[in-house]
Amino acid sequence: MNGSFVDLASMKEPFVDLVRGLGAGGGMDSAGLGVRKAVGFVAPALLLIGVFLVFPALWTLYIGITNYQLTGPAAASPQVVGLDNVVEAVRDPLFTNSLWLTALFVLFSAVVGQNLLGFALAWLLRSVSPWLRRTTEGLVLLSWILPSTVVAFLWFAVLSRDTGTLGLLLGSPETSWLVQYPMTSLIIFNIWRGTAFSMLLYTSALAAVPPSQLETARLVGASGWQTVRDVVFPHIRGHVLTNTLLISLWTANDFTPFLLTSGGPNHRSEVLPVLIYRQALEGGQLGYASAMSMLLLVGNLVIALVYLRLLRRRA
Amino acid sequence: MRRTKMFGLLAVCGLVAGCLGQTQEGDQARNADAKEITLTIVANAAQGGKNARGANWLQNWVIPKFTEQQKAKGVTATIKFEQNGTGDEDFKTKVALDLKTGGGGDIIEIDGIWLGEFAQSGGIKPLADVVGDTSWDGWDKIPKAVQGLGEFDGKRYGVPMGTDGRVLFFNKKLFAQAGLPADWQPRSWQDVLDAGARLKSLPGVTPLQLNAGTAMGEATTMQGVLPALVGTGKPIYDNGKWQGDSANVKDVLGLYQKVYGGGLGDPVLQQEANGRQRSFQLFSENKIGVLMESDYFWRSVVEPKNGVAKMADRDTAVGWALVPAKQSKAGVGGQDFVSMSGGGVRVINPNTKYPKQAWEFMQFLNSAEAVKESLAGTAQLTQRQDVNDQVLKGDPMLTFIAEKVLPITRYRPGLANYPKVSAALQQATADVVSGKSPDEAAQAYRAALVKAVGEENVG
Amino acid sequence: MSPLWIVRRIGFYVLITVVLAFFAVPMLWLASAPFDSKPGLGLRWPDWTFSNVSATFAHPYTLSSLVNSLILCVIATVVTTVLASLAAYALSRVRIPGRDLLLYLLLLLSSVVTGTAAMVPIFVMMLQLGLINSQFGTALVIAGGMLPAAIFILKDFVDAVPRSYEESARVFGASPWQVLGHVVLPVARPGVATIFVWAFVNAWGNFLLPFLLLRDVGQQPAAVLLRTLYDEGGSANLTVIPVFSLLYSIPVVVLYLFVSKRYGFRFHGGIKS
């Protein structure tokens, strides 16, 4: 159970640091908060997180090293099987397939899709009439705030065969988009669903770019792309990274694909959260599913480490 | 509001007590003379939602009636109904969590096929262990085969709630256009394929709908693989072993290949998340020729008034025929025709505080009067023969199921491994539909089966 | 006005139109299907009727489930926003070594717990705490899962609030609570509002936790009810679902419009790292 111990160990350190840091007097404190008050401010959140998040999460990681099942003989007396689940997962073609699909999903829908479209919207909407700007922003945000069950129905209506809007628009009603192009459909869906966050973030980031620099760029005749690359990007690099981290994590853990394709056809859109759900609920294999959750966590960790490294290089 | 809160609090205390104080269990006479009892019934039914009729019956008829009956005996009974009405897997998870932690309702309605899993995990116990004396005059009224739904490993765990049977439904209007008879009854798989070939000439019509693939879930197994498999002469679980890549399984996958490789079925439909519902819609729009389903299709899908895919002319347009074996006499038990059946079961939670009263409540739920009332004027195959004799008279389709299908039908093996085997079978059909050969698909199926149940359990 | 400029202008508006269409087209179903006599999973000009609406209101739990959703989400959202604001402020202003690492780890763990694999631990824990059937308890679990991301985002907002404001407030003798309430939060208000909406939206769609933890149908939220609108064969009840989807969407839209009008809905000042 390597992964889990690493997690446990690295979990402890920040807490130790936290206590030590507070004990040492906290460093610069412009708010005059005082260490004691600061602890008081953080404590309720940490308590709630500790009880309802850290504790079940660690327990889940523990279940990952057992053969725990919801029903059947193994449910009566679960046994610790150590790393078996992890080994089995790595060898399981369904898992590797899932891992690959999740990587594609995150890369194309979040890192590329939401990022670019979010930035493009933020950039373009600076120079349009307030009316158009509000309408566009409103629509983009609406797709972000609607409940996912409702959103699933909306997209069925777009992508289904015979009556689907997309088929009618493109004049090919016989295409069943979710069956014939499942991953492409999901990627486009997720761009639709999540762009709002990137757009909001970049809108505010662009507001922080000094107008004088943009003006200079315009005067020297820089093209739009050159302006973005040479003037804007250096200012918003940190935003780009934060945004990419958050949307990558959210996308990697997104369960909405289940509502649209249930992982099908024939596992062709079975991203990890869907696979885990199906193993846990439909298969009752809680031990195995927990082990896969842990591997998903490790995947998330890798994303976060890459992000931290990029951030540090900036600094 | 305050009251419900108090009840909630009490229920929580009850749950915790039930969880911590499991010493109660085992004493079948505990609280047998209590003057104040609380019983909870849990069902995957919700008023205004899934199985609304059952939910309304429990809430509006059973609870007041039973409370009244108890009152007459000087017992104050509080009966609660925990409504669910969600996906079967979600519901099963909830029940499993309840039973695992020693909580849950006193009487729980589950799918008969989960019985083995729950029994093996110790979540439920044989009825006699829970309530002691299980004698009841109702047993005589429930046919032996139907009682089998509530049994596991030769022991009785619960009381079945009714059953169903699978047949081939066909669209008589399309049959007339294709020059096929209105009283069609195929005698072999080839007959069905031949009819499909005739229907294929009609524009915009999919001749056959044989559920396939993983998106349909259990519907693929129950309305596809298993009826075909018993038509080859051997059920999926036989002599203590699951069938591997046997000739029979390959025959069944060969049938799938003929249907979906030969343009008689719509392969894309099988893979859509809403494929099954869509197939119903298409049938009702006269776009599917033949469709294998249980009597649920007749009662709740194409039913003219409340069906999910209403057919105003159902009574004249929809025909039905027995599912043929591969060829004459090739079916299981040497039968010419075959079918598969399933149904729900009510079990008593071993952790109940009032085993005797729960059993009494169970008998009430299964009394002729209650069962008849649960139908609310509609016709359906109930667990009780005496009720069936009365209510099925007006419905030729359901009479057909009761008289012609139930005598030849088979039930799924209620074993904990069944869901995994079922998933492997669904995958095998998905493989064939997406172009693999039956041999390849059968091999992959065997590998999945060995992984799921162990080499020693595969025949 | 050079021809090039005109071409670019036209291209620009074509682009905006395409983007608008991309975001708008899927929503059309929500406008047509609820009022169509034969609603399906597809878009078409409706055969107008209000019978679906009356059928939806005839359902015994439509309204109560929406009320329950409100109760559940308001608790979860208020808890998340308040606790996250306090924590974000303290973490932003008092330098604690290992603070970022801690935040990242919590952010990562939140993904495990929101997954289905954690349902057994959560269920058993809630049972032992006596919080089954408690809307408050369920809301706390939901809040616990959202807090790390909320703190993470809010901290960056608070970081952007100039410290000189607080220092001047302190000069006038304001207590830390007053500084937070009267100086920092008003400046970071769009951020707090954004987190509020974000948390509300997330809690509003949560199905599995309320389903497992709330047993009384009279307490269950709309997300759970929406899943019950299927028949025994798994077919969707398309008479009720479209109207209910619409009703279910209205509160989040209203909340967004209200917050956006009142406080401005954007990452004002932005997330900095």
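How many helices and strands are there in chain B? Chain B holds 20 helices and 16 strands. Helices (H or I, at least four residues) and strands (E, at least two) are DSSP runs, numbered from the N terminus. The model is predicted: local features need pLDDT of at least 70, side-chain atom pairs count only at pLDDT 80 or more, and totals for chains, interfaces and linings use all residues. Residues are numbered from 1 along each chain as its sequence is written, while chains are lettered from A and ligands numbered from 1 in the order in which they are written.

The radius of gyration of chain B is 23 Å, close to the 23 Å that the globule rule gives for 459 residues, so chain B is as compact as a globular protein of that length. This radius is taken over C-alpha atoms, and the globule rule is 2.2 Å times the number of residues to the power 0.38. The C-alpha trace of chain B spans about 70 × 50 × 40 Å along its principal axes. Of its 459 residues, 56% count as buried. A residue is buried if 20 or more other C-beta atoms, placed from the backbone, lie within 10 Å of its own. Contacts were also computed, two residues being in contact if their C-beta atoms, placed from the backbone, lie within 7 Å. Among contacts in chain B between residues at least 6 apart in sequence, 71% join residues at least 24 apart.

Chain A has 15 helices and zero strands. Buried residues account for 50% of its 315 residues. Among chain A contacts between residues at least 6 apart in sequence, 69% join residues at least 24 apart.

The contact with chain B takes 18 residues from chain A and 20 residues from chain B. On the chain A side, helix H3 (73-76), helix H9 (177-180), helix H13 (256-261) and helix H14 (272-282) each supply at least two residues. H3(A) gives the most, with three residues. This side of chain A divides into nine nonpolar, eight polar and one charged. Ala, Val, Leu, Ile, Met, Phe, Trp, Tyr, Cys and Pro count as nonpolar, Asp, Glu, Lys and Arg as charged, and the others, Gly among them, as polar.

The contact between chains C and A takes 85 residues from chain C and 87 residues from chain A. Helix H5 (residues 99-113) of chain C gives the largest share of the chain C side, twelve residues. That side comprises 59 nonpolar, 17 polar and nine charged residues.

The axes of helix H6 (residues 130-145) of chain A and helix H13 (residues 241-263) of chain C come within 10 Å and cross at roughly 135°. Axes are lines fitted to C-alpha atoms, for helices over the stretch in contact, and angles run from 0 to 180 degrees between N-to-C directions. H6(A) and H13(C) are therefore oblique to each other. Angles under 35 degrees count as roughly parallel, over 145 as roughly antiparallel, 65 to 115 as roughly perpendicular and the rest as oblique. The crossing of H6(A) and H13(C) is right-handed, meaning that the near helix is turned clockwise from the far one by less than a right angle. A:Leu141, A:Leu142 and A:Ile145 of H6(A) meet C:Val252, C:Val253 and C:Tyr256 of H13(C).

How values were computed
A residue is buried if 20 or more other C-beta atoms lie within 10 Å of its own, exposed if 12 or fewer, and partly exposed in between; C-beta atoms are placed from the backbone.
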